[in-house]
Protein chains: 2
Amino acid sequence: MSRYFPEPDDYGRHTVFGNVPIITYAGQQIQLSFVDLPADSVVDWHAHPQEQMGMVITGRARFQIDDEEKILGPGDMYRIPGGVRHRVTPVETPCHVIDVFSPVREEYR
Amino acid sequence: MSRYFPEPDDYGRHTVFGNVPIITYAGQQIQLSFVDLPADSVVDWHAHPQEQMGMVITGRARFQIDDEEKILGPGDMYRIPGGVRHRVTPVETPCHVIDVFSPVREEYR
């Protein structure tokens with residue numbers, strides 16, 4: 001077993017918000033989550049104590065963070081301080097986003 | 001000015017290891033760095049106290065972390081605990097990697 005390179009079984013695999021598959025990998029303070037947003041998906045309003053940042057890799061998605069809203073495309077980054085409510089919906093699919101949390105979200109391991 | 005969505009001027013832009021451009025964005029505990037590894041680049045052996053994790057987005061790169069070595073391609077993730085030496089060289093370009101640091105590396109803001 002590698003200390004640094006995950007094997008397929010080392011990734012966390014979850015389905016969130018009904019139909020959104022995520023693939024996760026956690027370190028000590030950092031957790032990565034690769035998100036594949038289906039066309040009809042809605043990551044509806046929610047908040048969590050962990051800070052979240054990320055970047056759109058493929059496609060486009062509408063990010064609503066508190067009272068701000070922006071459509072992000074490949075290479076665009078965002079940040080969500082802990083406790084700030086947010087909502088994400090895909091605009092152009094396939095839509096892949098890399099989300100990063102700190103500290104780790106235990107429920108996403 | 002947005003609190004959550006960086007404008008072009010809000011990104012950090014640096015050239016590291018001689019010829020490697022990076023685009024960075026820092027939150028409180030998380031820092032993202034989008035790395036574009038040129039074909040002849042070498043991110044030579046180094047270490048830093050911050051934890052580092054990341055994922056290859058495009059292309060392939062050889063990651064050497066302490067005494068382990070692996071070629072990573074799109075979607076493959078890695079983790080480097082703070083203080084562990086590592087070296088990265090592209091194998092197939094264009095090679096884009098998203099690196100994540102926690103805490104923030106002040107020199108990369």
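**Figure 1. Overall dimensions of chain A in the predicted model.** Chain A has 109 residues and a radius of gyration of 14 Å, which agrees with the value near 13 Å that a compact globule would have. The radius is taken over C-alpha atoms, and the globule rule is 2.2 Å times the number of residues to the power 0.38. Along the principal axes, the C-alpha atoms of chain A fill a box of roughly 40 × 30 × 25 Å. This is a predicted model, in which local features need pLDDT of at least 70 and side-chain atom pairs count only at pLDDT 80 or more, while totals for chains, interfaces and linings use all residues. Residues are numbered from 1 along each chain as its sequence is written, and chains are lettered from A and ligands numbered from 1 in the order in which they are written.

**Figure 2. Strands of chain A.** Eight strands and zero helices are assigned in chain A (DSSP runs numbered from the N terminus: E, at least two residues, for strands; H or I, at least four, for helices). The pattern along the sequence is β-β-β-β-β-β-β-β.

**Figure 3. Burial and contacts in chain A.** Of the 109 residues in chain A, 37% are buried, with 20 or more other C-beta atoms within 10 Å of their own, C-beta atoms being placed from the backbone. Among contacts in chain A with a separation of 6 or more, 64% join residues 24 or more positions apart; a contact requires C-beta atoms within 7 Å.

**Figure 4. The contact between chain A and chain B.** Chain A and chain B each give 28 residues to the contact. On the side of chain B, the elements giving two or more residues include strand 3 (31-37), strand 6 (68-72) and strand 8 (86-102). Strand 5 of chain B supplies the largest share, five residues.

Technical notes. A residue is buried if 20 or more other C-beta atoms lie within 10 Å of its own, exposed if 12 or fewer, and partly exposed in between; C-beta atoms are placed from the backbone. Two residues are in contact if their C-beta atoms, placed from the backbone, lie within 7 Å.
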